[in-house]
Amino acid sequence: MRTMTGQPAAPGHERGAAAPRPGTAPGRPLLPGRPGRPDVFTFGETMVALRGSGPLKLGGTMNVSIAGAESNVAIGLARLGHDVRWAGAVGEDEAGQLVLRTLRAEGVGVSGASTDPGAPTGLLLFEARLPEVTRVHYYRAGSAGSRIGAEVVERAFSAAPPRVLHLTGITPSLSPTAGAAARRALQLAREAGSLVCLDVNFRARLWTAEAAAEVLREWIPFVDVLIASDDELPLCLLGDGGGEGSPGGAEGNQGAEGSQGVEGNLEAEGAHGALRGEEGDGAGMGAKGADGGLALCGSEQGEAAGAGAGACGDAVPLPPQEAAGAPAATVATQAGLLLDQGVGEVVVKLGTQGATVFTQGGSLHRPAKPVRAVDAVGAGDAFVAGYLSALLDGEGTAGRLERAVTTGAFAVASPGDWEGAPTRSELGMLGAPPGTVVR
């Protein structure tokens with residue numbers, strides 16, 4: 001196992017050749033830490049996750065766990081020593097108790113969570129169909145988590161405004177009420193001075209690109225840290241409107257175009273499955289790498305080992321032609337437009353090429369960490385947890401990227417959505433040579 005190091009950046013980047021200045025902060029400064037004020041508050045749906053070892057139609061055994069993009073991030077942050085609170089709704093059932101019990105055991109505050117006696121906890125099935133392809137089946141329409149309301153975030157902010165509000169593009173796709181809760185959170189964060197982090201996490205199985213773009217573009221003026229894969233950036237680019245007023249206002253469109261089966265009994269969504277995973281952007285290394293390319297495996301590992309030997313966090317050139325599907329110049333141009341529209345920094349996951357941060361001060365790229373890939377699902381959430389952790393610690397852009405690709409690599413190297421998330425003391429383990437035994 002070899003840790004990737006950087007090389008000096010080549011001149012001529014779209015946003016200027018210079019790397020972001022050390023310590024460059026997003027749009028608003030972080031609220032100071034104090035007793036009772038959480039570092040991060042996030043909310044969304046967390047489901048019971050069942051993982052099979054092969055095709056579901058053949059039966060067999062399944063491992064039981066939980067999964068949810070926001071709670072994955074919360075667990076990752078808690079393991080790194082941060083005070084993080086999660087809010088959501090679960091059914092008044094044993095599955096809901098598993099969700100809450102697991103989050104409490106991982107050190108995540110769940111006092112803002114609620115149980116819904118009128119709806120079940122959602123269900124997520126993972127099917128390992130090929131060595132590098134995982135198929136995902138959702139049973140979440142009409143679930144308790146999809147019925148979360150704005151009162152959840154109002155209670156959280158009235159108790160103690162967080163230093164960072166973390167949202168994903170999954171929550172507003174679930175229902176009009178969930179979308180309203182997210183919009184209310186943006187308003188409260190602006191009033192309280194909380195930093196806003198948005199991970200786009202577009203799910204084509206939950207809503208259309210048009211419906212997602214309508215909501216996300218209205219959110220952009222409220223976002224300090226935007227995290228997205230390169231193909232998600234166009235969803236966020238503002239057209240007409242999207243000013244500084246109240247975010248949102250498209251509940252009707254969400255109901256019509258967006259979340260499938262918002263009302264009615266719990267039913268299967270996407271019975272035919274997909275190559276793209278729900279929590280963590282994608283289960284198939286063959287399609288796009290480990291959710292944002294946080295790990296390399298097989299022959300790619302040997303090729304990546306030839307990267308330069310600069311200091312940790314040094315800038316390296318953007319990939320010269322394509323990065324996970326979009327030309328580097330296009331990605332830089334789109335990121336620049338988002339910066340001009342008020343986003344403090346744009347963090348782009350670039351497949352097996354790693355990740356790049358764009359700020360008004362320049363851009364900085366970090367390659368992926370080469371690890372033996374076991375399970376790509378959840379890597380994107382681990383990446384976000386690492387990035388926010390370093391941000392809360394006051395690290396500059398290079399330090400934030402370094403920790404993000406490190407935590408992402410840990411996730412790829414372990415099965416499950418969040419199970420492989422490292423503790424702070426484990427962050428240095430990726431540099432250990434093969435066969436190392438820690439005693």
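Biologist: In which sense do strand β1 and strand β9 pair?

Modeller: In this predicted model, strand β1 (residues 40-43) and strand β9 (residues 164-168) run in the parallel sense, joined over 3 bridges.

Biologist: Which strands form the open sheet, and in what order?

Modeller: The order β4-β1-β9-β10-β11-β15-β16-β17 describes an open sheet of 8 strands, and its pairing is mixed. The edge strands, each pairing on one side only, are β4 (84-87) and β17 (362-366). From one strand to the next, the twist averages 15°.

Biologist: Which strands does helix α1 touch?

Modeller: Helix α1 (residues 69-79) packs on the sheet and touches β1, β4 and β9. The direction of helix α1 makes about 160° with that of β4. Helix α13 (residues 397-412) also packs on the sheet, where it touches β15 (345-349), β16 (355-359) and β17. The direction of helix α13 makes about 30° with that of β17.

Biologist: How many helices and strands does the protein have?

Modeller: There are 13 helices and 18 strands in the protein.

Biologist: What percentage of the residues is buried?

Modeller: A residue counts as buried when its relative accessible area is under 20%. Of the 439 residues in the protein, 58% are buried. The accessible surface comes to about 16,300 Å², and carbon and sulfur atoms hold 53% of that area.

Biologist: What share of the contacts with a separation of 6 or more joins residues 24 or more positions apart?

Modeller: Such pairs account for 78% of those contacts in the protein.

Terms used:
Residues numbered from 1 in each chain as written. Predicted model: local features only at pLDDT ≥ 70, side-chain atom pairs only at ≥ 80, totals over all residues. Heavy atoms only, no water. Helix = DSSP H or I, 4+ residues; strand = E, 2+ residues; numbered from the N terminus. Buried < 20%, exposed > 50% of the residue type's maximum accessible area, 1.4 Å probe, protein only. Contact = heavy atoms within 4.5 Å. Areas by Shrake-Rupley, 256 points an atom, 1.4 Å probe, with all protein chains shown as cover. Pairing = 2+ DSSP bridges. Axes fitted to C-alpha atoms, helices over the stretch in contact; angles between N-to-C directions.
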